[in-house]
Amino acid sequence: MAIGIGLGQSVGTVGLLAPTIEIKGNDTVIIDGLEINFHLTPGTEAPVEMNAYFPKYKGLWMAENCTGTMHNIYTLRGAQVRDAEAWAHYILEAEYLFGDETDVVFQSHNWPHWGKETIKEYMQDTAAVYQYINNQTLYCINQGMTPVEISRSLKLPDRLNKVWYCRQYYGTLSHNIKAVYQRYMGWYDANPVNLNLLTPEDTAKKWISYLGDLEKVLSKAKEDFARGEYQWVAQLTKEIVFAKPNFQEARNLCAMALEQLGYQAECGPWRCAYLMGAWELLEGNQSDNEGTAKGLETMMMGMTTEMMLSYIDIMTDSMLAQNDEFTLNLKITDTNEEFFTIRRDGILLVYKGESKSNVDCSISLNRLQFLSLIFGKKEVIDQTVVTGDKTVLLRLLKYMAPPTTSFNIIEP
């Protein structure tokens, strides 16, 4: 199941440390006596990614720009879509800059590659895959094809499809194609029916009202299952589950179809997604049984003040807060920062480096006190310098709600 990536998610403690050295280009840095040539590769596997070459050992670390699998242009866990064109460009640039002086290429996951010719082929093949996905998706877009049509028809060139480190163990051609489409074209596929779709629940209820006798529908679905049409059976029974979540026979058949899709999936994350859906259908929501990483408070200590204010706004229910307007001067004493903030229509607008004379409230406090206030320690207000309406500080945080981790996957 690990496909060289890892056996499970971290359930330890997370944190966030501010960097001590900022790499701004192809910089050379000596760390503990070891010379490292950094190669900045923005917009590739990560928004700020970089490779590193170690002249002493003739070793090139490719971060996750090269690895022993097709990677994700879009991650199923959710993230910004990556730039496949830039990804290919920077791999080739790394090969040009360091390839002739490299004896081994290694990366964050999977196995090292030894020997100049092996390394060259490895890097060129990997670059070719991402360039192919990007450019051939654009080619198909220009032929008028939609994301589903492209992902169902496009295949890797025959030779690359047989190269083990280009196989779809982690990312897939299917969802990477959809990511490229999303990057350049957005979610709209030009079909006006898809402009304002009903919710999955409402759609399912309409389907069920049209389908009629569900026992007969399930009987036909079982025939399709026996023929191996697992994707179709999953799509059909999913509608029944969303309309009638307690219809166990439909849940069971949908779970069986998902299990078969999971068993057939070469991609590890797809396999896990299919089997997770089946598990929920058979035994209910499993989120409370899974461990998660701890350390929100520790991580937030590494945030900038702007990040903290953005966090407050993101976690605020703006519809509840829309009639609770105020103005606030915020001064962070230990970093000598000032912010003028306005809440209007439930939205927090922030002006860095500004303060106004006529505001509802002004407060001066240090970063740790501001964090404590965000974490609900109201006594901080009495320990700081506040002028004006003290209720503003409580109202700033009043409508915040923690994120939920217990949402369903394949049922309402």
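Helices (H or I, at least four residues) and strands (E, at least two) are DSSP runs, numbered from the N terminus. The structure is a predicted model, in which local features need pLDDT of at least 70 and side-chain atom pairs count only at pLDDT 80 or more, whereas totals for chains, interfaces and linings use all residues. Residues are numbered from 1 along each chain as its sequence is written, and side-chain values use heavy atoms, with hydrogens and water left out.

Two packed helices are described by the angle between their axes and the distance between the axes. Helix H1 covers residues 84–98 and helix H2 residues 116–141; their axes come within 8 Å and cross at roughly 160 degrees. H1 is therefore roughly antiparallel to H2. Axes are lines fitted to C-alpha atoms, for helices over the stretch in contact, and angles run from 0 to 180 degrees between N-to-C directions. Angles under 35 degrees count as roughly parallel, over 145 as roughly antiparallel, 65 to 115 as roughly perpendicular and the rest as oblique. From H1, Ala84, Glu85, Trp87, Ala88, Ile91, Leu92, Ala94 and Glu95 meet Lys120, Met123, Gln124, Thr126, Ala127, Tyr130, Gln131 and Asn134 of H2, where contact means heavy atoms within 4.5 Å. By class, the residues of this contact of H1 with H2 are nine nonpolar, four polar and three charged. In this division Ala, Val, Leu, Ile, Met, Phe, Trp, Tyr, Cys and Pro count as nonpolar, Asp, Glu, Lys and Arg as charged, and the others, Gly among them, as polar.

Helix H2 also contains Thr137. With a relative accessibility of 0%, Thr137 counts as buried; buried means under 20% relative accessible area, exposed over 50%, and partly exposed in between (1.4 Å probe, protein chains only). Leaving aside residues up to four places away in sequence, Thr137 touches Tyr132, Ile150, Leu154, Ile177, Val180 and Tyr181.

A second pair of helices is formed by H7 (residues 214–226) and H8 (residues 230–243), which pack at an angle of about 160 degrees with their axes 9 Å apart. H7 and H8 are therefore roughly antiparallel to each other, and H7 passes H8 in a left-handed crossing. Leu214, Val217, Leu218, Ala221, Asp224 and Phe225 of H7 make the contact with Tyr230, Trp232, Val233, Leu236, Thr237 and Ile240 of H8. The contact of H7 with H8 comprises ten nonpolar residues, one polar and one charged.

Helix H14 (residues 367–374) is mostly covered, with six of its eight residues buried. The buried residues of H14 are Arg367, Phe370, Leu371, Ser372, Leu373 and Ile374. Their covering includes helix H11 (296–300), helix H12 (305–314), strand S7 (326–332), strand S10 (361–365) and helix H15 (391–398).

Aromatic pairs were also examined. A search of the whole structure finds ten such pairs. Rings of Phe, Tyr and Trp (its six-membered ring) pair if their centres lie within 6.5 Å; planes under 30 degrees apart count as stacked, over 60 as edge-to-face and the rest as tilted. The ring centres of Trp164 and Tyr165 are 5.4 Å apart and the ring planes stand at 80 degrees, so this pair is edge-to-face. Trp164 is partly exposed, at a relative accessible area of 39%, whereas Tyr165 is buried, at 8%. Together with Trp111 and Tyr122, Trp164 and Tyr165 form one aromatic cluster.

Two aspartates in loops have positive phi. Asp32, in the loop between strand S1 (28–31) and strand S2 (34–40), has a positive phi of about 55 degrees although it is not a glycine. Asp32 is exposed, at 81% relative accessibility. Asp345 lies in the loop between strand S8 (337–344) and strand S9 (347–352) and has a positive phi of about 55 degrees, again without being a glycine. Asp345 is partly exposed, with a relative accessible area of 48%.

The protein chain as a whole has 15 helices and eleven strands. Its C-alpha trace spans about 75 × 70 × 40 Å along its principal axes. Of the 412 residues in the protein chain, 43% are buried.

Conventions. Left-handed = near helix turned anticlockwise from the far one by under 90°.
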